[in-house]
Amino acid sequence: MDKMPAWADVVLIPLISLLLAALLSALVILGIGENPIDAFKLMVDGALMRSSGWGYTLYYATNFIFTGLAVSVAFHARMFNIGGEGQAMLGGLGVALACLYVPWPHWSLAILGSSIGAATFGAAWALIPAYLQAKRGSHIVITTIMFNFIAAALLNYLLVNILRPVGAMDPATAQFAEPTHLPTFQDMFSTAAMPLFRGAPANVTFFLALLACVLVWLLIWRTRLGYEIRAYGWSQTGANYAGISGTKIIIIAMLISGGLAGMMAVNTTQGEAERLILNMTEGAGFIGIAVALMGRNHPFGVLLAAILFGFLYQGGAELALWTSIPRELIVVIQALVILFTGALDNMVRMPLERLFLAMRRKEG
Amino acid sequence: MTDTAPAIELKGISKAFGPVQANKDISIRVMPGTIHGIIGENGAGKSTLMSILYGFYKADKGEIFVNGTKTEIPDSQAAIAAGIGMVFQHFKLVENFTVIENVILGAEDGALLTPSISKARKSLKQLAEEYELNVDPDALVEDLSVGHQQRVEILKALYRQADILILDEPTGVLTPAEADHLFRILDNLRKEGKTIILITHKLREIMEYTDTVSVMRRGEMTATVKTAETDPEQLAELMVGRKVLLRVDKKPATPGDVVLSVRDLKVTDSAGVERVKGISFDIRAGEIYGIAGVAGNGQSELMEVLGGMRSGTGTITMNGQEIDLTGKYSDGQSRRARGIGHVPEDRHDEGLILDYTAWENMIFGYHRDPEWGTGPLMNNAAIIKEAEAKMERFDVRPPIATLKAKNFSGGNQQKIVLAREIEKNPDLLLIGQPTRGVDIGAIEFIHQEIIRLRDEGKAILLVSVELDEIRSLSDRIAVMFDGQIMGERDPAAADERELGLLMAGIAGEPDKPDHIAVEENLTAVEHGEAPKHG
């Protein structure tokens with residue numbers, strides 16, 4: 001029998017973890033001489049109370065959905081893909097090449113092309129560690145993290161030496177052509193009478209991310225491939241017994257994972273910057289790990305966790321803007337959230353399980 | 001006799017793990033100088049009770065008396081101090097230490113080892129003479145046979161002055177000859193006045209070697225009786241709570257055409273060791289071919305090659321057609337496509353995904369079959385419905401298809417695997433350890449299913465370390481030792497001693513009178529060496 005009801009596992013534990021993280025963050029803010037309640041209000045105001053705030057929150061959330069899903073899919077096969085960052089950078093390259101060298105007539109076609117480019121390049125970047133894991137036994141955690149550095153160096157080289165337009169000073173590609181520009185939330189939802197999401201970078205890619213959530217859910221829980229991925233993740237000897245090829249599962253799961261990580265570049269590169277710049281990932285590849293952890297590797301959980309981290313990102317920026325709280329503090333808060341929801345999961349889980357057991361015994 | 005204090009007396013021991021009551025108000029008296037058997041199904045609470053006695057768990061309620069004095073046993077140190085020693089099912093030895101180093105480990109006298117070692121050497125010599133506990137004190141444990149490793153465990157306990165010895169399923173890993181020797185040792189110990197508690201699920205051992213037996217069922221002690229005053233049927237009934245058919249009823253086999261034919265099969269493991277050394281045999285439709293042998297003599301590797309989990313060399317034909325032993329078409333799904341069903345030896349790690357629900361497990365390995373969905377999609381509703389029907393037919397309890405496999409008992413888990421493989425109607429069914437960790441009630445059912453399948457004209461390859469099971473189910477018995485088939489016997493004609501010798505690698509050589517070869521090899525076995533065979 002399971003130790004506690006499913007809702008407690010899915011809802012209660014993350015919630016309590018989150019509260020603990022918030023509590024500790026409040027202490028830190030107190031420590032640097034600011035009022036934590038004011039700070040929290042400011043974060044909520046800045047990130048959630050205005051439509052432009054939401055525009056930023058959802059923009060960041062879009063990145064985190066893609067990278068969170070990427071980590072989740074790999075994790076269902078019990079692989080820890082730390083390489084979302086590098087795969088996203090290569091995804092950016094795919095987007096840039098698709099947008100720069102194909103004369104797209106309309107954004108709806110351009111986003112298809114750039115998505116394929118992003119997913120292909122991201123997947124290709126994940127393929128090498130996957131191959132090394134499947135065939136040579138090189139640990140995927142080590143190889144993917146090293147590939148982040150290689151990706152950064154590669155992107156640096158390409159931007160400085162090859163893709164940079166003649167005469168330009170910064171390491172970035174040329175601006176993408178007008179027809180590839182994606183409609184932002186402002187374009188989509190504002191009316192003349194009521195301007196919404198003014199200046200916010202959230203764009204149509206958000207809906208692509210929602211679609212990705214649904215597709216990943218279908219893949220993992222409704223397809224034979226997803227069945228095989230999960231089976232391999234639970235027991236490799238079991239998979240061998242059932243005739244599920246470990247090599248195949250490792251390669252396919254990592255291709256999907258890398259492709260999803262690469263897709264976040266559609267949001268940042270095509271949707272926001274409209275050219276490929278250095279550091280286009282803004283650490284989202286790593287945040288994806290926390291998002292997947294907190295979302296329990298379920299697409300719906302990933303969606304919620306991504307929005308939470310979007311809120312932390314945007315709220316943190318507001319804090320830095322209006323108070324003496326440095327922007328780095330938001331890294332502290334994020335770290336606390338990761339610490340409590342991920343690493344210290346058992347600290348909350350164990351007493352809660354005991355509580356539920358005690359309650360059940362009293363009933364019985 | 002009546003006025004001696006019992007060596008061990010437990011009064012009203014209770015222990016709960018969460019909602020599970022593992023031990024319920026258990027009282028038991030173990031008299032000194034006796035072998036006291038404790039028998040019960042898996043999960044009956046035997047191990048929990050012994051763990052309490054050895055200080056691993058603390059009882060929620062109850063008292064422990066050792067030799068008449070009330071004793072607190074909060075940890076294993078206290079148990080040792082009270083004169084209680086334990087020999088675990090899985091040995092706790094340091095493999096790359098010598099025997100003597102293992103014996104003194106944790107019982108050294110000071111910072112310098114030399115005095116402890118010479119003291120231990122003297123004491124080991126004495127113990128060896130008194131109890132037939134011969135082991136080379138300077139041999140590395142990893143070089144010893146399993147039987148000898150077990151002796152080291154017993155020596156460890158005796159060296160620590162244990163008067164009361166608990167043995168947890170001690171014969172599970174032994175050949176019949178090794179088991180006999182173990183019981184001779186135990187008998188010697190009893191004669192010296194030591195008390196022995198023997199935990200087992202084998203009724204035969206209880207009947208042959210114990211003085212008194214206690215039966216446990218669902219955390220409760222259902223009876224304590226003098227062994228001489230009971231019989232196996234009564235004990236089985238006490239264990240299960242209802243009448244159990246211990247004997248397997250079957251008609252003589254009517255073998256048909258050859259279904260599986262194996263020729264010169266060799267299997268090398270990842271470390272480069274040859275595990276199966278060129279074996280050949282045939283299995284016909286409508287017969288059960290049983291492979292007996294001590295665990296680790298190549299049976300597992302044989303099953304894995306046949307089941308597509310491992311590659312090998314040689315020739316295997318199935319219904320007259322050769323099957324691939326390496327490459328793309330040697331995997332489990334290719335085997336299933338050729339009509340080979342496989343109930344693997346390890347249902348926890350292989351036969352089931354414990355974190356999958358029962359219905360997900362009901363298609364495990366067959367999940368690519370077209371009947372379970374269209375294209376890449378699975379039709380979960382249809383699979384669940386079918387799984388519920390199968391669980392009903394195989395009496396899986398509880399019959400809830402959405403429950404995770406890990407929440408079923410061992411017997412019901414095995415029924416899930418059997419239901420999946422049998423309902424697929426394979427021409428050949430590979431069955432490894434069908435009743436390992438399965439309770440008696442389910443064993444009866446599983447054996448009947450295997451016989452039924454045979455009577456339907458299927459070929460069955462049965463591998464089990466339980467010799468009794470092999471003997472009662474098989475129509476032909478092969479004995480494997482060191483990767484080879486030592487011989488084939490008719491179960492009606494072969495006696496246990498003969499099979500036991502084959503299991504120890506001792507085959508009669510044609511150019512020498514049998515008994516001489518046997519004597520030579522027995523000596524080799526006694527010294528823990530790999531026996532020679534012709």
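**View 1. The loop between β4 (61-66) and β5 (69-70) of chain B holds B:Asn67.** Helices (DSSP H or I, at least four residues) and strands (E, at least two) are numbered from the N terminus. Although B:Asn67 is not a glycine, its phi is positive, at about 50°. The relative accessible area of B:Asn67 is 46%, so this residue is partly exposed (buried is under 20%, exposed over 50%, partly exposed in between; 1.4 Å probe, protein chains only). The model is predicted, with local features needing pLDDT of at least 70 and side-chain atom pairs 80 or more, while totals for chains, interfaces and linings use all residues. Residues are numbered from 1 along each chain as written, chains are lettered from A and ligands numbered from 1 in written order, and side-chain values use heavy atoms, without hydrogens and water.

**View 2. B:Gln433 is a residue other than glycine with a positive phi, near 45°.** This residue belongs to the loop of chain B that runs between strand β17 (428-432) and helix α15 (440-455). With a relative accessible area of 4%, B:Gln433 is buried.

**View 3. A cis peptide bond links B:Arg397 to B:Pro398.** The omega angle of this bond is near -5°. B:Pro398 is part of the loop between helices α13 (380-393) and α14 (410-423) of chain B.

**View 4. B:Ala459 is placed in strand β18 (residues 459-463) of chain B.** The relative accessibility of B:Ala459 is 0%, so the residue counts as buried. Leaving aside residues up to four places away in sequence, B:Ala459 touches B:Val259, together with B:Ile283, B:Arg284, B:Ala285, B:Gly286 and B:Glu287, and also B:Asp427, B:Leu428 and B:Leu429 (contact means heavy atoms within 4.5 Å). B:Leu165 is 294 residues from B:Ala459 in sequence, and the C-alpha atoms of the two lie 45 Å apart in space.

**View 5. A:Leu15 is placed in helix α1 (residues 6-31) of chain A.** A:Leu15 has 47% relative accessibility and therefore counts as partly exposed. Along the chain, A:Leu15 and A:Met294 are 279 residues apart, and their C-alpha atoms are separated by 9.9 Å.

**View 6. A:Phe185 and A:Phe206 form an edge-to-face aromatic pair.** Over all chains, the structure holds 19 aromatic pairs (Phe, Tyr or six-membered Trp ring centres within 6.5 Å; planes under 30 degrees apart are stacked, over 60 edge-to-face, the rest tilted). In the pair shown here, the ring centres of A:Phe185 and A:Phe206 are 6.0 Å apart, and the angle between their planes is 80°. A:Phe185 lies in helix α7 (residues 185-189) of chain A and A:Phe206 in helix α8 (residues 205-222) of chain A, so the pair ties together parts that are 21 residues apart in sequence. A:Phe185 is buried, with a relative accessible area of 3%, and A:Phe206, at 9% relative accessibility, also counts as buried. One aromatic cluster is formed by A:Phe185 and A:Phe206 with A:Phe189, A:Phe197 and A:Phe207.

**View 7. A:Tyr227 and B:Tyr356 form a tilted aromatic pair.** From centre to centre, the rings of A:Tyr227 and B:Tyr356 are 5.1 Å apart, with 40° between the planes. The pair joins two chains, because A:Tyr227 lies in helix α9 (residues 224-234) of chain A and B:Tyr356 in the loop between α11 (347-351) and α12 (358-361) of chain B. Both A:Tyr227 and B:Tyr356 are buried.
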